[in-house]
Amino acid sequence: MQVFIYESKRMSIKEKIKSLMSNESLKNKLYIIIFESDTPAGKAFDVALIWAIIISILLIIFESMSGIPIWLKIPFVVSEYILTAFFTFEYITRLYCSPDPKKYAISAFGIIDLLATLPVYLAILFPDARYLLIIRAFRLVRVFRVFKLFNFWAEGELLISALKDSSKKIAVFFLFVVILVISIGTIIYMVEGNEPGTQFTNIPNSIYWACVTLTTVGYGDITPVTVIGKFLSAVVMLLGYTIIAVPTGIMSASMVGIKEKRRRRCPNCNKFESDSDAKFCKYCGTELQKE
């Protein structure tokens, strides 16, 4: 008799879970609140989420400060656990109400949302991992959607497109820089390595110096003492300015090229419209053809 009652309860729980998973009405309501910001409830949820993210980031920053009183440590930790529980529930709910959970899970937002919840759980095994909660700062990009800053979002998409378009050129240039740094490090080691009390004790240290000098950072922890070494340093410093300018030029050319591709010619006045979202020509008002 007891086994039968247990089985019936068990079946009822399974049925409830099955009913919950197939409740399309509930999924639609949650989707509107969590994924959309056009409704009052959706915007309120997004604003609350943004505030929770900001508070979480501030808590982890303040907690890392040595001057914080000990009695504040426990409230900070408890607050982090509460916020983590909220973010975990939010992530699970997003998976639940998403039309395509797998697509959301592997999307940029989905990965960031997942990473924002993991650090506290990882801290059980690796205590310092909780400081990775700062990853939640990336979730603040939702502010563009909440406050209708779509022009800024469009510019961000243009930047990402330019990065993708110029990635191969930048990769080739980076390989050239790596070869250049290794060569410069080897040369400075040949020049300075035999000097008494030299800091260029091996090629890896010399390559580190080349990286610091070529990028014009100049920590000053390793410095040449010979005339030839100082002359080589000056050459590398000047070369560094040209090295920095090349990726900038590649990115700028890609952005200009993408903007040119997005321009559309008005069939009436033959002038170009650069706004990809424009439906009508800003010069004569003629309807523009879709891309």
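Reader: Which residues form a nonpolar patch on the surface, and how much accessible area do they have together? Please take me from there into the helix around L114.

Author: Happy to! Please keep in mind that this is a predicted model. The nonpolar surface patch is made of I111, L114, L115, L118, Y121, L122, I124, L125 and F126, with about 870 Å² of accessible area together. One of these residues, L114, sits in helix α6, which covers residues 108-122.

Now for the helix itself. α6 has 15 residues, and its first and last C-alpha atoms are 21 Å apart, close to the 21 Å expected at 1.5 Å a residue.

An α-helix has 3.6 residues a turn, so residues three or four places apart point the same way.

With a relative accessible area of 2%, D113 is buried, yet it takes part in a salt bridge with R94, where the closest N and O atoms are 3.9 Å apart. This pair links distant parts of the chain, as R94 belongs to helix α4 and D113 to helix α6, 19 residues apart. R94 also meets E90 in a salt bridge, at 2.5 Å from N to O. R94 and E90 are 4 residues apart in helix α4, so about one helical turn separates them. Both count as buried, because R94 has 0% relative accessibility and E90 has 3%. Through shared partners, the salt bridges join E90, R94 and D113 into one network. The structure holds 2 salt bridges.

One more residue belongs in this picture: R139, found in the loop between α6 and α7 (143-146). R139 is buried because its relative accessible area is 1%. Leaving aside neighbours within four places in sequence, R139 is in contact with E90, R94 and D113, and also with L49, I53, F87, I112 and A116. R139 and I50 are 89 residues apart in sequence, but their C-alpha atoms are 7.9 Å apart in space.

Key: Residues are numbered from 1 along each chain as its sequence is written. This is a predicted model: local features need pLDDT of at least 70, side-chain atom pairs count only at pLDDT 80 or more; totals for chains, interfaces and linings use all residues. Side-chain values use heavy atoms; hydrogens and water are left out. Patches are made of residues with over 30% relative accessible area and no salt bridge: like charges are joined within 9 Å, nonpolar side chains (Val, Leu, Ile, Met, Phe, Trp, Tyr) within 5 Å. Accessible areas come from the Shrake-Rupley method with a 1.4 Å probe; for residues, only the protein chains shown count as cover. A salt bridge is a side-chain nitrogen of Lys or Arg within 4 Å of a carboxyl oxygen of Asp or Glu. Helices (H or I, at least four residues) and strands (E, at least two) are DSSP runs, numbered from the N terminus. The expected span of a helix is 1.5 Å times one less than its number of residues. Buried means under 20% relative accessible area, exposed over 50%, partly exposed in between (1.4 Å probe, protein chains only). Contact means heavy atoms within 4.5 Å.
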